[in-house]
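Dear colleague,

I am handing over the structure below, and my notes on its pocket, its core and one hairpin follow it.

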Amino acid sequence: MKSHANLMKSRALAGLFLSAIALCILSSSARAQLYVSQQGNNTVAEYDATTGALINSTFITGVSNPFSLALSGNNLFVAEFSGGRVGEYDATTGAAVNASFITGLSSPAAVALSGNNLFVTNYGAVGTVGKYNATTGAAINASFITGTNFPVSLALLGNDLFVGNNFVGSVSKFDATTGAGGPFFGGVSNPLKLALFGNNLFVSDNGRVAEYDATTGALINPTFITGLSGANGLAILGNNLFVASNGSGTVGEYDAITGAAINPNFITGLSSPAGLALQVQAVPEPSTWTVAALCFAALLFRRFSRRSA
């Protein structure tokens, strides 16, 4: 009877240790959604950023020429180029939080976030970049940056705010706190979107994506990605660079280090895709306290077993 009891205790002890080990080695996983704004049908669609599978083709509707997207937590901001406004939407459900979050804009082409500051470009020959409160939509300075020429794209790296100037073929760089700055580099014809990967600045420019040094403005690779049809939206997840091609109605996936194609037809059948945004949601891992409790219980059980043997 004693040997049978010891066997049962050993099995129970083994079960506890195996459970604790399993919980300790479980790594947290994550899922990611890729949002794509489409100028052709005035929608924002939602896709699985890992597989490219469609989640919701009409995630957001009723927008007018949605050109750019930006995410802050669970809030998705949509710049409506023809609607003259920036709308705020729930990034989980697509429901409007405030479809008229910022209004009175001429042609808002780009949006970018830095903390609780939302930057918005007003497209035009004498364009501006406005600065707004990302919680309330209130203007901090509607003319935060002036004198830009058809400002069509934005990107932020720390306190550096990059602005792509359409038609004039240049990128400017400004201080995101003071607005001071000016021309950074030229040599691009149509910088529709900007994206940062470490200290590398990617610029979508017609049929290509070019790569620049974000500190010096030096050209690293003018043909980082080529063969695109109307390169537009850019987004980065890990080492993967997603590129929306307006002409082909696709989103391609590329290596952000080498520019090599992973899947140039990652998403197809889109209607003039323009803006991209990524939402990464972590799947909760087992509680550290739960794991510790299991380990402690297993040690106590082991001591008890030794004493009663």
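**Pocket, core and hairpin**

The lining of the largest pocket consists of 19 nonpolar residues, four polar and one charged, where Ala, Val, Leu, Ile, Met, Phe, Trp, Tyr, Cys and Pro count as nonpolar, Asp, Glu, Lys and Arg as charged, and the others, Gly among them, as polar. This is a predicted model, in which local features need pLDDT of at least 70 and side-chain atom pairs count only at pLDDT 80 or more, while totals for chains, interfaces and linings use all residues. Residues are numbered from 1 along each chain as its sequence is written, and side-chain values use heavy atoms, with hydrogens and water left out.

A pocket here is an open set of points on a 1 Å grid over the protein atoms alone, where a 1.4 Å probe fits, with protein on both sides within 12 Å along at least five of seven lines, and lining residues have an atom within 4 Å of a point. The largest pocket holds about 630 Å³ of space, a volume being the space filled by probe spheres set on the points, which are joined across faces, edges and corners. Among its 24 lining residues, Leu-69, Leu-154, Leu-194, Leu-234 and Leu-276 are the closest to its centre.

Leu-276 is also one of the residues that touch the most other members of the largest nonpolar core, which has 15 residues; such a core is a set of buried (under 20% relative accessible area, 1.4 Å probe, protein chains only) Ala, Val, Leu, Ile, Met, Phe, Trp, Tyr and Cys residues joined through side-chain atoms within 4.5 Å.

Elsewhere, Gly-137 lies in the turn of a hairpin and has a positive phi of about 85°.

Best regards

Definitions and conventions. Buried < 20%, exposed > 50% of the residue type's maximum accessible area, 1.4 Å probe, protein only. Pairing = 2+ DSSP bridges. Helix = DSSP H or I, 4+ residues; strand = E, 2+ residues; numbered from the N terminus.
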